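Subject: Structure handover

Hello,

Here is the structure we talked about handing over. Please open it before reading the notes under it.

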Amino acid sequence: MAEAMGFFTDTTVCIGCKACEVACKEWNQLPAENGGIRELSGDSYDNTRRLDGIHWRHVRFIEQFKGPYDGRWLMMSDVCKHCVQAGCLEVCPTGAIIRTEFDTVVIQSDVCNGCRACIAACPFGVIDINPVSGTAQKCTLCYDRLKVGLEPACSKACPTDSIQFGTIAELRTRAQKRADQLKAQGVDAHLYGADPTGPLGGLNSFYLLVDKDEVYGLPHKPQLPSRNLAKSAGFSVLSAGVLGVLALVGLRKRRMDQVGGSGGSN
Amino acid sequence: MSDTFFSGAPHWTWFIILYFFVGGIAGGACFLAAVLDWFGGPEDRPVVRIGYNVAAVGAILSGALLTIDLGRPLRFWHMVLQSANFPAIMFKGWSPISFGAWALLVFGVFAVLSALGGMAEEGRLQNPALRAVGGAVRGGSGLAKFVGGVAGLLGMFIAGYTGVLLSVTNRPIWADSPWLGALFVASGASTGAAALILLGLRRGASEQSLARLSAFDTKALVVELLVLALFIASLGSVNRVWLSFWGLVLLVGVVWFGILAPLRLHMQRRPVAGAARLVLLGGFLLRLAMIFASEGVDRYRVAAGM
């Protein structure tokens, strides 16, 4: 197996140019939305708004303004996290979602049948249906490019190196140095998803953030969907058991009545 | 804020809601038919046959609904066989949707066999091949009881696994409570009994059978109400999602019209058909509210704190 590869996204140097979005769309031949006629969001300069089946990269704009001269822009190029423990891969009933030799998570479009279980399982809201293929799709971390020794299209196109591609081990070292540097400058910076002992065993696409996780639309403690399996199944069995006993008792009562009735007549 | 608010909606809408409803009825009716098959008397035979018929039709309809709902319906078989390694089996025991696909398939086979056995019992099978199969599992025989018993147990599974499936996600409401599967089991039992009552009234079910089903439905509705209360209590702060149209549907449609009103009718010994119709309405609205309340959460607005 090749070494684990991924992204480190330093949100502090993102300028919101969306070159990564364009490069991703172009390389992966993703269709335009709404026949190419863009609907403006109306409440933000970000008109992509979300990750889905035809937007595998999304530069999120977080516009924090208290007044006309008092505020800041936060920008984050969001993408599939290629979780070490991936919820989508866990629930996929067709085996369409696989872990590659680069430790990334890829949906095989020729196997997926569009059941959409992975969409609900992903804690980050990354996956959605591509209306052209009718299958669930998301970032592949440019698996085809990795196979021939190229870096993913988005990181290649990023003009500020906000998106950095490399081996996970190297990226973690680099990310920690950058976080320490910012902290020394008084910036309240922290890494999201870089800890292999953290939620989901760490993320192979992790971030440097300067505000709360939720502000960037990221869950503070993402979890696997299977956390609910044992408890939910247990309560269901309990409910079925109670109803089963009620059904049987009802019938037994009838038999007892019958026995009682025949006994009385003797 | 629950971390489930950051996930994406899977667009499980009308076909899935109908499947949950039909599957619940089929599973519940099959379970009750099997119980009456094993422990009932001769006067219960019409209800047993109706139950197996409901199960067979429901299982086939369920399969059709699930297939239509897929983004690529012709790949429905990828659920049970590995497309890249045909004909190897595709099965994930820890994935409710994978487990459920297999359970529905096996449930369908056993339910159809039981239905054919019931038809053979009535002498309604003309086709020689069907008559041969139906004759082998002729209603009332030991083998028929075994087949019906397996179908009944699988029926309870079908009624409940759909709730577990919803819980094994990262979506608001669904993944925020472990009680959804238990709630769907209770609803499957109550709607299954209601379907048997309604069909039994038209197809010659005995007074005793109908009275017993009505009595069971009353108990199932009480269980459903208790589990619904536990479900709501377990949601905690996520309950703010119910401050919407779907909360109204849950309170008025499910609790009032679907549970309390039929309970009152059952207790007043009023005509059982009216109560059964309300139970079916409540069962449908329960699935409707559960699915759409979660589907409707706009993750971006919530994430942005708007």
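This is a predicted model: local features need pLDDT of at least 70, side-chain atom pairs count only at pLDDT 80 or more; totals for chains, interfaces and linings use all residues.

Residues are numbered from 1 along each chain as its sequence is written, chains are lettered from A and ligands numbered from 1 in the order in which they are written, and side-chain values use heavy atoms, with hydrogens and water left out.

Helices (H or I, at least four residues) and strands (E, at least two) are DSSP runs, numbered from the N terminus. Two strands pair if DSSP finds at least two bridges between them.

Sheet and hairpin in chain A

Chain A has an open sheet of 4 strands in the order 8-1-10-9, with mixed pairing. Its edge strands are strand 8 (163-167) and strand 9 (190-192) of chain A, each of which pairs on one side only. Neighbouring strands of this sheet are turned by 25 degrees against each other on average, direction ignored; axes are lines fitted to C-alpha atoms, for helices over the stretch in contact, and angles run from 0 to 180 degrees between N-to-C directions.

Strand 1 (residues 5-10) of chain A runs antiparallel to strand 8 of chain A, and 5 bridges join the two. Met5(A) has Thr167(A) in strand 8 of chain A as its bridge partner. Helix 6 (residues 168-184) of chain A packs on the sheet and touches strand 1, strand 8, strand 9 and strand 10 (205-209) of chain A, where contact means heavy atoms within 4.5 Å. The direction of helix 6 of chain A makes about 135 degrees with that of strand 8 of chain A.

Strand 2 and strand 3 of chain A form a hairpin with 2 residues between them. These strands, residues 58-67 and residues 70-78 of chain A, run antiparallel and are joined by 9 bridges. Val59(A) is bridged to Ser77(A) in strand 3 of chain A.

The loop between helix 1 and strand 2 of chain A

Gln29(A) is found in this loop, and it has a positive phi of about 50 degrees although it is not a glycine. Glu33(A) forms a salt bridge with Arg50(A), the closest N and O atoms being 2.6 Å apart; a salt bridge is a side-chain nitrogen of Lys or Arg within 4 Å of a carboxyl oxygen of Asp or Glu. Both Glu33(A) and Arg50(A) lie in the loop between helix 1 (19-28) and strand 2 of chain A, so the pair ties together parts that are 17 residues apart in sequence.

Between the chains

The contact takes 62 residues from chain A and 60 residues from chain B. About 4800 Å² is buried between them, of which carbon and sulfur atoms give 59% (buried area is the accessible area, 1.4 Å probe, that two parts lose on being put together, summed over both). Asn113(A), Arg116(A) and Leu243(A) supply 13% of the area that chain A buries against chain B, more than any other three residues.

The count between chain A and chain B is 1 salt bridge. Arg116(A) and Asp69(B) meet through their side chains in a salt bridge (2.7 Å, N to O).

Chain B

The peptide bond from Phe86(B) to Pro87(B) is cis, with omega near 0 degrees. Just after helix 7 of chain B, Gly236(B) takes a positive phi of about 60 degrees.

Regards
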